[in-house]
Every structure is written in structure tokens, then in C-alpha cells.
Amino acid sequence: MKEVVLTASVLILALILFRFLFRTAIPRRVQYALWALVLVRLLVPVQLPALPVVSVLDVSQQAGQQLTAVLERPVEVPTQPAAEPIPDNTQTQVIQDIPNTAETSTPLPASTLSLAQVLDVVWKVGMVAMAAFFLLANLRFRLRLKKSRVPFPVEGCPLPVYLSDRLSSPCLVGLVRPAIYLTPAAVQSDRLDYVLLHERTHAKHLDPLWALLRCVCLTIYWFHPLVWAAAILSRTDCELACDEGAMAELDHSGRLAYGRTLLALVPVRSRPTNPLLAATTMTSGKRQLKDRITRIAHQKRPILAAVLAAVVLAGLAAACTFSGPRTAVYEDGIFTLSLSDLSPYSAPAVPQNPTIEQHFDLDSYGEGGETPPWTMREGPRSENAGAMLFLHSKQSGSGEGLQETYQLFYYLDLMGTDGFITSYPGVPSERQDEWFYDLFAVDEEGNRSLLAETYGSAGGQLLTQDLNGDGKEELITDRQLLLQWEDTLYAVNYADLLAQRWPAFRTLEGARLSARGSCILLSGTMEDETGTTTSFLRTLTFSGDTLTVDQPAAGTGEPVAVPLEELTVYEELSDPQPEPWRESIRFGSNFDDQFYFGIYTLEDGTCVPRITLENDDVVPSFDRLPLGVVSGNRWLDDFPALLGYQGLLAGWSNDSKEVNWTIDLYRWNQEEGLVRFLRAESTLLGNVRILDLNGDGDCELITDKQLFFRQDGTIYTVTYADFLKEHWPAFRSLDTAAADPLEGCVVLAGTCQDESGSTVSFFRQLYLEDSGLILGD
């Protein structure tokens with residue numbers, strides 16, 4: 001819809017300009033015919049294939065993306081809460097009894113409408129109102145004519161003629177069977193022939209049909225002032241074209257008599273004739289009537305060159321507005337832009353979630369007035385190694401999964417400030433698969449101010465990394481990059497960045513920091529040259545003041561098939577659940593009254609899961625945590641079918657920047673309970689995926705370091721770097737690995753040696769087959 005409105009607007013403005021420039025040089029019949037381009041543009045909402053011209057949609061692509069983002073932005077409509085807010089809880093607690101879930105209640109879900117939804121309702125209501133007005137106006141006009149008309153036979157006239165005293169001017173009415181309606185003043189002997197000639201010319205030009213189509217356009221695009229302007233001007237050009245056609249059949253004296261007839265019969269009105277009336281009345285404004293009489297008195301021969309120029313320019317304008325956006329250069333999706341091309345980020349005055357202070361005492365910067373870490377700084381800020389995030393506290397209420405999870409992080413040296421970050425689930429309920437982060441900077445006097453807001457997917461990573469080596473670390477989520485350059489903040493939305501500059505881009509499936517921290521890996525879907533949706537991998541690097549989206553070079557080696565016999569068999573662990581634990585987090589009543597899941601932290605920092613059952617007959621369901629539950633450097637998830645088992649996954653990182661994760665898998669059955677059977681490693685939590693690569697119904701475990709899969713009852717493990725070093729002589733280093741759910745493979749990215757001996761980047765796909773692994777080219 002917005003594409004049609006935009007292109008039609010440009011086309012109407014172009015025709016209005018041509019109408020002014022060629023107002024005395026081209027026939028009005030040509031000018032009138034050009035309005036058919038606008039009719040087609042408005043009533044046929046399709047785009048032609050890309051033409052070798054500058055398409056309006058290409059030029060306006062960035063503005064269109066920004067408009068779409070504004071229109072689709074949800075607006076929360078608050079509702080009355082069902083009960084009091086849930087009281088604060090501390091981050092850690094020893095698991096004792098399951099609380100009574102009836103003691104707490106959650107607010108009613110907030111209803112939301114986007115601006116696009118509101119405008120859609122307004123448009124449809126207005127369209128119905130305009131259609132009703134159009135029908136009523138024309139039915140009333142036809143009934144008035146039917147009651148007052150008297151047949152008026154005219155010899156030699158091919159159309160039926162009626163006389164009515166309820167008309168202000170003669171007109172032609174009717175689409176299928178048009179008829180001429182005359183006023184008593186028009187039947188005088190010296191005027192009748194010219195009036196009939198005028199109305200027959202209207203019928204010859206099919207003007208009743210164009211009048212109806214004009215009304216349809218106004219009904220659909222009732223909100224658009226340029227469509228109204230086009231309707232009024234095209235109606236004026238209709239009368240001028242009719243005069244021109246009629247005078248073509250008259251000699252000089254006849255044209256003068258025709259002009260006198262118009263002066264005598266055409267009523268002059270200060271307002272334009274109702275454009276929603278599907279009849280060709282002769283009513284005109286004073287200026288329009290003067291123009292008509294002037295053209296009759298001083299008929300000029302059209303200038304052929306002007307006619308050709310007008311037609312060519314109108315055709316060019318139509319090509320620019322009918323043409324679709326240029327087809328993507330499908331091997332492209334590579335571009336560099338300066339930060340000056342981006343709009344600086346401006347933080348809102350207040351956080352989007354005003355209830356955050358119900359969960360944290362922000363003015364004391366800690367539960368119980370604890371000392372913030374930046375007050376213990378030794379030396380100036382510049383002497384510190386880099387930004388650090390410290391998880392402070394967590395509140396888990398009665399919502400499901402992550403819905404009632406709140407976190408607070410202290411940070412040091414992030415974008416030149418110290419402060420803290422509050423993390424909370426998306427509101428309204430439709431956005432609870434997202435987490436939002438508010439950054440508060442704290443000055444030396446302890447005053448806090450909202451520095452920025454960003455967001456990421458639920459359970460995703462909140463990381464800091466110095467991407468461009470300037471000593472200032474950027475804040476990275478899997479949806480946005482927040483960076484600072486010369487005291488100016490910029491928020492880069494990955495999906496918007498690709499959509500605005502890469503026409504083949506379709507969806508963003510993932511964004512993650514590479515294992516070496518040199519770039520952000522973007523993966524998703526694009527459209528190839530055949531129109532098929534396929535996956536892509538791009539790198540986003542930040543160097544100096546420029547952002548670069550690049551495509552890793554494809555692997556230069558031939559495909560390699562590695563049978564199962566050459567792969568490493570993983571020796572399953574068989575460790576019972578360890579005890580005792582130091583502290584625990586419970587996510588119990590979120591899911592079921594008969595069982596709940598929890599996670600322990602042991603004395604050595606290891607995290608293990610726990611299931612608490614109401615009784616021994618209860619069988620827990622392992623599909624209750626589809627997004628997992630993340631609490632800072634601890635992660636709990638469940639799996640119904642992974643490597644032949646069902647059970648729980650526990651992950652943790654003892655690194656202050658939450659890298660280098662350990663992942664333990666626990667199988668469960670009623671006889672043994674939870675038993676650890678596998679340990680894996682991943683640099684980043686966001687790179688851990690549970691995915692069915694080969695479609696056999698049993699999932700594989702994929703990290704950015706390892707792949708675990710099961711074939712014929714045996715679990716195999718692959719460490720990517722060792723695998724590539726053994727089977728690909730050109731391999732040099734591995735940057736990262738990521739699961740591609742669309743292609744059903746693991747994408748490997750890193751560096752290799754090309755034929756000239758130079759080190760270049762690469763990406764290759766690793767596929768799982770029944771017989772083993774295939775390293776694609």
C-alpha cells in the first residue's frame with residue numbers, strides 16, 4: 001500500500017508539473033490521456049520488473065524502512081492490574097519448599113496496537129464512509145433526474161435525450177446506456193446542436209467510465225490530498241478535451257457560436273464540482289471557463305516537439321514510478337558506510353519500563369546500599385584494562401520462563417562512563433521473547449542519568465568488546481550494536497542496516513560476536529537469483545569510524561567426505577548428581593505444580609540442574625523451557641530429544657565477561673534420576689544450539705567449538721579446528737562456527753591459504769549424513 005501511495009504521489013506531481021509547463025503547447029486531449037497513468041498506478045497495485053531507470057522505490061528505500069519501523073512499533077495500552085506487584089526477591093536462595101502460587105498474581109496482559117494497525121482501521125472506516133457518500137450522492141442525483149425528466153426526441157441523435165428542469169447545466173449520465181440530459185435553456189434552436197455535439201463528444205471519449213474510475217480512486221485514497229488534486233484537474237482536462245474534440249468538427253464561425261453557447265449555459269461556481277459525481281456536467285469555475293473560452297477564441301496549432309517531449313517525459317515518470325526496485329546483486333551484500341551516514345542516538349528522557357524501580361533501588365545502586373565497584377577504582381579510568389560487567393541481582397516471579405526476570409549489572413569503562421545496566425523482559429506480552437537493557441551512567445556525585453536503551457533476544461548475550469581498537473568498548477547484543485565515536489552515541493540495528501542497503505536481504509536469524517572478537521557474524525536468509533530463499537553469512541566489522549559488511553570468501557578446497565570410522569567416538573560420562581551445593585536458583589512454580597526445575601552452584605563454581613518432584617509417580621515434561629533460563633553466568637534449559645535422551649542442560653561461565661562456557665548435559669529417567677553424560681565447551685552462550693541437522697528426529701548439540709551427534713547408538717564428537725586441520729591442508733585458523741537451521745549445517749568461518757600463498761578469509765559448510773560428515777566447498 002505505501003509503495004503505491006509513494007509512487008502515485010511522485011507521478012501526480014510530475015503530471016501537474018508537465019501540465020503547467022506544456023499548458024499552451026500540447027493538445028488537452030493528450031494531457032487528459034496522461035491522467036490514465038495515474039489511474040493505472042492507483043488501481044493496479046503491482047510493480048513492473050526493474051527497468052534501466054532510477055526507481056522511486058530505490059531512492060526512497062531507506063525512508064520506507066524508517067517509516068515501516070515507525071508504523072510497526074507497538075504502542076502499549078495499559079490495563080488495570082489484577083493484583084499487587086510481586087515483591088522483590090534476592091538473586092540466590094536455598095531451595096526449601098515450593099511456594100504457594102496462589103499467593104502471588106500477575107498483572108493482566110497489556111493490549112497493544114501498532115500505529116499501522118490504528119491507521120489501517122481509520123483508512124477502512126473512511127473508505128466505507130466515502131463509498132456510502134458516493135453511492136448516496138449518485139443515487140440521489142439519478143432519482144432526481146428520473147422524477148423530473150421528459151423525453152425530448154432529437155432527429156439524428158444516436159443517444160436518448162431528456163429534458164429536466166432540475167439541472168443547472170446539460171450533462172451526460174449513464175455508463176452502460178448513456179443519455180443526454182438538457183436544461184430548458186439548452187433547447188433553444190441556436191444552442192441545441194452545440195450542446196448535443198459537446199455531450200456526444202463526452203460519450204465518444206468514454207468520459208462516464210473515467211468519471212466512475214475517478215470516484216473509485218477517491219473512495220480508496222480518500223486520505224490523499226494529491227489524489228483529490230489529480231481528480232479535480234483531470235475533470236477540468238476532461239472538459240477541455242471535450243471542447244477540443246467538439247471544435248475539431250466545426251469551422252471558425254461554428255467555434256465562435258460554440259463559445260457563446262458555453263458562456264450562456266455553463267454556470268460559474270466558486271467551488272469545484274463534486275468529484276464524486278459520476279456524470280459529465282458542464283459546471284466550471286471562473287478561471288476554468290475563461291481558459292476554455294480563450295482556447296476557443298485563439299485556437300493554436302499544437303507544437304509537435306512539445307507533444308513528443310511531454311509524452312517522453314510522462315513515459316519516463318511512469319517508468320520511474322511503475323518500476324520495482326533494482327534486483328539485488330546477489331553475490332553482493334557487501335558495503336562500507338561511515339558513521340556520519342547514521343543518525344546519532346538520542347536516549348529517551350525516562351526508561352520504557354517505569355516499573356523497573358519496583359525491582360531495584362536504583363538510587364542506592366545495590367541491595368542494602370552495597371558499595372558500587374566503581375567507587376573501589378584504583379587510578380584513573382584510562383588505566384583500567386576495559387569494560388567489565390558484574391551481575392548484581394535477579395528477581396524471578398510467577399511468570400513463565402523469562403517473563404518475570406530482572407537483572408542489574410554494574411559496569412566500568414563502557415563508552416567513557418561507569419554505571420549500571422538494568423535488564424528486564426519485553427513488554428507487552430507479544431515482545432516477551434526479547435530483553436531490554438537500560439544503561440544508567442553515574443557521575444562522581446552519584447547522580448544517575450539514562451545513557452541509552454537497547455535490546456536483544458531473550459536468553460541472548462550482553463557483551464562488551466573493543467571492535468575497532470580505540471580503547472573504548474562497544475555494547476553488543478544479538479539485535480543491536482551500541483557504540484561511541486567522538487562523544488556521539490550510535491545504535492546500529494543489524495536487520496535495518498541490511499534491509500536498507502541490501503535488496504536481497506530477507507530476515508536476520510542470528511548475530512553473534514566471533515570467537516576471536518574481531519567482528520560480529522550476521523546470519524539469516526536472502527533471495528538468490530532464482531527467487532529462492534537461501535541462507536547467508538556476513539561479517540560486520542568496526543574500524544576507525546566506518547562499519548563494513550563483508551562476505552567471507554568461500555572455501556577454496558574440494559568437498560571432503562569423512563566416514564564415521566574416521567571420527568572420534570565420545571565416551572559417555574555416567575556421573576550421578578553431585579552434592580552438596582553452595583547456592584541455587586529456582587524456576588519451579590513457573591511451570592508446574594507437580595514438579596519444578598532448579599540449578600545449583602557447587603563450591604567449585606560448577607552448575608548442575610535439579611528436578612524436584614511432588615511424588616515418585618510424576619513424570620516431568622522436558623519441553624517447558626523453550627527459551628531456556630539465563631541468570632547472568634548460569635544457564636538452564638531442557639531437551640526432549642537430544643543425542644537419544646531427554647533431560648536438562650546446565651551451562652556456566654566463570655569469566656567476568658561471560659565467555660568460555662561449560663555445557664553439561666544430564667539425561668533423566670525415573671530409575672536413575674539425573675545423570676550427567678556429556679560435557680561440551682563454547683566460547684559464547686549464543687553459539688550453543690540444539691538442532692536436528694539431518695532430519696532424523698533426534699537433535700545434535702552444536703557449539704562454536706564442537707559438534708556432538710549420535711549415529712546407530714554411538715555419540716561422536718568433532719572439534720572443528722582439529723577436523724579442518726586434518727582434512728583441509730589450506731586451513732590456517734578458525735574464527736567461529738554457527739548452526740544454520742535453514743540449510744541444516746554448521747557454517748565454519750576463519751582463514752585459509754589461497755593458491756598464491758596469501759591468507760584470506762573463508763566460510764565452509766559442514767553437513768551431517770548417515771555415513772558421516774561432508775565438508776562442503
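What share of the contacts in the chain with a separation of 6 or more comes from residues 24 or more positions apart? After that, please look closely at the largest nonpolar core, and then at what lies apart from it.

Reply: This is a predicted model, in which local features need pLDDT of at least 70 and side-chain atom pairs count only at pLDDT 80 or more, whereas totals for chains, interfaces and linings use all residues. Residues are numbered from 1 along each chain as its sequence is written, and side-chain values use heavy atoms, with hydrogens and water left out.

Residues 24 or more positions apart account for 58% of the contacts in the chain with a separation of 6 or more, where contact means heavy atoms within 4.5 Å. Of the 777 residues, 51% count as buried, a word that stands for under 20% relative accessible area, while exposed means over 50% and partly exposed lies in between (1.4 Å probe, protein chains only). The chain has 13 helices and 40 strands, which are DSSP runs numbered from the N terminus (helices H or I, at least four residues; strands E, at least two).

The largest nonpolar core has 32 residues; such a core is a set of buried Ala, Val, Leu, Ile, Met, Phe, Trp, Tyr and Cys residues joined through side-chain atoms within 4.5 Å. In soluble globular proteins, nonpolar side chains tend to be buried together. The residues with the most contacts inside this core are Leu15, Phe18, Val38, Leu42 and Val227. At least two residues of the core come from each of helix 1 (2–21), helix 2 (28–43), helix 7 (207–220), helix 8 (225–247) and helix 11 (304–322), and helix 1 gives the largest share, eight residues.

Helix 2 has 16 residues and reaches 23 Å from its first C-alpha to its last, close to the 22 Å expected at 1.5 Å a residue, the expected span being 1.5 Å times one less than the number of residues.

Ala8, which lies in helix 1, counts as buried because its relative accessibility is 2%. Again leaving aside neighbours within four places in sequence, Ala8 is in contact with Arg41 and Leu42. The C-alpha atoms of Ala8 and Ala318 are separated by 9.2 Å, although these two residues are 310 residues apart along the chain.

Apart from this core lies another, of 29 residues, among them Ile476, Leu483, Leu522 and Leu684.

Strand 18 is joined to strand 19 (residues 520–527) by seven bridges, and the two run antiparallel; within strand 19, Leu522 stands opposite Ala511.

Two loop residues complete the tour. Most residues other than glycine have a negative phi, and most peptide bonds are trans. Leu206, in the loop between helix 6 (192–204) and helix 7, has a positive phi of about 60 degrees although it is not a glycine, and Leu206 counts as partly exposed at 49% relative accessibility. Glu486, in the loop between strand 16 (480–485) and strand 17 (488–493), has a positive phi of about 50 degrees and is likewise not a glycine, while its relative accessible area of 62% makes Glu486 exposed.

Terms used. Pairing = 2+ DSSP bridges.
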